[in-house]
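Here are my notes on this one, as numbered points. Have the viewer open while you read, and tell me where you disagree.

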Amino acid sequence: CAALLRPFAAWFVVNVSSPNTPGLRELQAPGQIRALVEGVRAAAGTVPVMVKWAPDQPPGALEAAVDAALAAGAAGFVVANTTLERPGLASNPLAGEAGGLSGRPLRPLAVATVARVRAVTRGAVPIVGVGGIFDADDAAAIRHPHRDERRAELAHLRRQAEGVAQGVQGHRAAVQLAVSAGLPARRAAAGAEREAEAGEQH
């Protein structure tokens, strides 16, 4: 197919992520995906070949598969297809239906999967984030998967800085009050010392 379509294609996407095709996700295993990408690349000529991942792979499995696809010459990745999980839908009467789930519940998984793929690729190839995108905030979360965490960290640091500033201001006020309260006594003592010294000189 790739050889026939390459005169008309801007890129190819090898989709090994669909949960509705029996056995398809087995092709996400490192050895399988490497052989598949190498074969498609050979047929595709100069047309870039991307790989579409599922968001359900356990820790380590996705990362190993991404490494294998990169070694085979993948030009980028599409993340992520539908999920077999049912996040936030345990009480929904349709949650037990077979097949992949898409829509808004997919957003956290899609964002997390983009972050996992980006951690492996380190910006070497493009990542097309899909799944759970309904507005600009969703798109921004896909583009910058750690932005919410960074915002929370910055807000925490800002609160800490404000607390320190308030503490410094309170300390400064206390010091100013202590100095102001003590100055008259210090002036009186200094005046008495001067009078005593003047008496001794006479």
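1. Overall picture. Buried residues make up 29% of the 202 residues in the chain. Keep in mind that this is a predicted model. The chain exposes about 12500 Å², and carbon and sulfur atoms supply 58% of that area. Among the contacts with a separation of 6 or more, 72% are between residues 24 or more positions apart.

2. Layout. I get 6 helices and 4 strands. Going along the sequence, the pattern reads α-β-α-β-α-β-α-β-α-α.

3. The β2/β3 pair. Strand β2 (residues 49-53) runs parallel to β3, and 4 bridges join the two.

4. The cis peptide. Look at the bond joining Val 79 and Ala 80: this peptide is cis, with omega about 5°.

5. Helix α3. The buried residues here are Leu 62, Ala 65, Val 66, Ala 68 and Ala 69. They cover an arc of only 165° around the axis, which puts them on the same side of α3. Their cover includes α2, β2, β3 and α4. After α3 comes Gly 73, which has a positive phi, near 100°.

6. The structure holds 2 salt bridges, and one of them is between Arg 116 and Glu 63, with the closest N and O atoms 2.9 Å apart. Arg 116 lies in helix α4 and Glu 63 in helix α3 (residues 61-71), so the pair ties together parts that are 53 residues apart in sequence. Glu 63 is partly exposed, with a relative accessible area of 22%.

7. Arg 34 forms a salt bridge with Glu 38, and here the closest N and O atoms are 3.3 Å apart. Why are these two separated by about one helical turn? Because they are 4 residues apart in helix α2 (residues 30-44). Arg 34 counts as partly exposed at 38% relative accessibility, and Glu 38 is partly exposed at 38% too.

8. Helix α5. In α5 (residues 136-143), the buried residues include Asp 138, Ala 141 and Ile 142. These cover an arc of only 100° around the axis, which puts them on the same side of α5. On the other side, Ala 136, Asp 137 and Arg 143 are exposed. The cover over the buried residues of α5 includes α4 and β4.

9. Arg 122. This is another backbone point to look at: phi of Arg 122 is near 55°, a positive value in a residue other than glycine. Arg 122 lies in the loop between α4 and β4 (127-129). Buried or exposed, then, for Arg 122? Exposed, with a relative accessible area of 74%.

10. A nonpolar patch. Leu 4, Leu 5 and Phe 8 form a nonpolar patch on the surface, with about 390 Å² of accessible area together. Leu 5 is in helix α1 (residues 2-5) and counts as partly exposed at 45% relative accessibility.

Conventions. Residues numbered from 1 in each chain as written. Predicted model: local features only at pLDDT ≥ 70, side-chain atom pairs only at ≥ 80, totals over all residues. Heavy atoms only, no water. Buried < 20%, exposed > 50% of the residue type's maximum accessible area, 1.4 Å probe, protein only. Contact = heavy atoms within 4.5 Å. Areas by Shrake-Rupley, 256 points an atom, 1.4 Å probe, with all protein chains shown as cover. Arc of directions from axis to C-beta. Patch = residues over 30% accessible without salt bridge, like charges linked within 9 Å, V, L, I, M, F, W, Y side chains within 5 Å. Salt bridge = Lys/Arg side-chain N within 4 Å of Asp/Glu carboxyl O. Pairing = 2+ DSSP bridges.
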